[in-house]
Amino acid sequence: MARNFLNLKAGTRRYLRETNASTSYWSDTFLAQMFNASYRRRCAQLIMAHEVLLISIATRNLTADTSQYSFPTGFLRLGKIELVRSNDNTVPLRRWERHEGTNPSDAALGDQYTPTYRPLGNGFILEPTPQESVTDGIRIEFAGVPVELSADGDTMHTSFPEIFEELVIMDTVIACFDAEGQQESGQIKSVLRLRMELEED
């Protein structure tokens, strides 16, 4: 079972040998900042290596006479874009790049509307433009950087491999030692060796 943020911070402090946050050189706020930076960097690496990991779902409202829509916060890689029909069935949209001609007009309404999309900037454009508004009419499946952990009960993304939790803890420990300027101490060398072994595994 995945550990919650309270347990992950406690595991980090055991490596730091300062288990009491109130008397530690590293405050809980600083530890959380270092942990989240390490966690999100490892998430990005996993997404680049394995498309099926860390998938999230977001929705967008279809808005009449509006063709451009934004990707969700934390977006890294698109899985697919679907239209949500009135019966909650979903229909995947086909990507199509139009290089000539005008933006096609389409009077189709409701479940007959089936546009194509093309990425543009931090979002995408639907062609033809929808003629009516639909709440949560677009479903986006995407790989993205998970939200930061803040509350003690927060856990890592359900797709994040548990075996890498310890790697993120060690990343955090190294970042803390770097910040304190103890790069040449025996303690950090020991943790570096442990991290290298786990990373190779």
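Student: What stands opposite R60 in β7?

Tutor: I138 does. This is a predicted model, so every value here is computed from it.

Student: What is the order of the three strands in the open sheet?

Tutor: The order is β2-β6-β5, with antiparallel pairing.

Student: What makes β2 and β5 edge strands?

Tutor: Each pairs on one side only. β2 covers 68–70 and β5 covers 116–120. Neighbouring strands of this sheet are turned by 30 degrees against each other on average, direction ignored.

Student: Over how many bridges do β2 and β6 pair?

Tutor: Three, in the antiparallel sense. The cut-off is at least two, so the label holds. β6 is residues 123–127, and its I125 stands opposite Q68.

Student: Why is T116 called buried?

Tutor: Its relative accessible area is 12%. Buried means under 20%, so T116 qualifies. T116 lies in strand β5. Leaving out residues up to four places away in sequence, T116 touches R94, W96, I125, L126 and E127.

Student: How far apart are T116 and I81?

Tutor: In sequence, 35 residues. In space, 9.6 Å from C-alpha to C-alpha.

Student: What about the span of α2?

Tutor: Helix α2 (residues 28–49) has 22 residues and should span 32 Å. Its end C-alpha atoms are 31 Å apart, which agrees.

Student: What makes N4 a cap for α1?

Tutor: A side-chain oxygen of N4 lies 3.2 Å from the backbone nitrogen of L6. Just after α1, R17 takes a positive phi of about 65 degrees.

Student: Is K9 buried or exposed?

Tutor: Buried, with a relative accessible area of 10%. The limit is under 20%, so the value settles it. K9 lies in helix α1, where the buried residues also include F5, L8 and G11.

Student: What does the side chain of K9 make a polar contact with?

Tutor: The side chain of D152, at 3.1 Å. That is within 3.5 Å, so the distance meets the cut-off. Apart from residues up to four places away in sequence, K9 touches D28, L31 and D152.

Student: Why is α1 called roughly perpendicular to α2?

Tutor: The helices pack at an angle of about 100 degrees, with axes 11 Å apart. Roughly perpendicular runs from 65 to 115 degrees, so the angle makes α1 roughly perpendicular to α2.

Student: Which residues of α1 and α2 meet?

Tutor: From α1, F5, L8, K9, T12, R13 and L16. From α2, D28, L31, A32, F35 and N36. Of these, L31, A32, F35 and N36 are among the buried residues of α2.

Conventions
Residues numbered from 1 in each chain as written. Predicted model: local features only at pLDDT ≥ 70, side-chain atom pairs only at ≥ 80, totals over all residues. Heavy atoms only, no water. Buried < 20%, exposed > 50% of the residue type's maximum accessible area, 1.4 Å probe, protein only. Helix = DSSP H or I, 4+ residues; strand = E, 2+ residues; numbered from the N terminus. Polar contact = N/O pair within 3.5 Å; in protein donor to acceptor, adjacent residues only side chain to side chain. Axes fitted to C-alpha atoms, helices over the stretch in contact; angles between N-to-C directions. Contact = heavy atoms within 4.5 Å. Expected span 1.5 Å × (residues − 1). Parallel < 35°, antiparallel > 145°, perpendicular 65-115°, else oblique.
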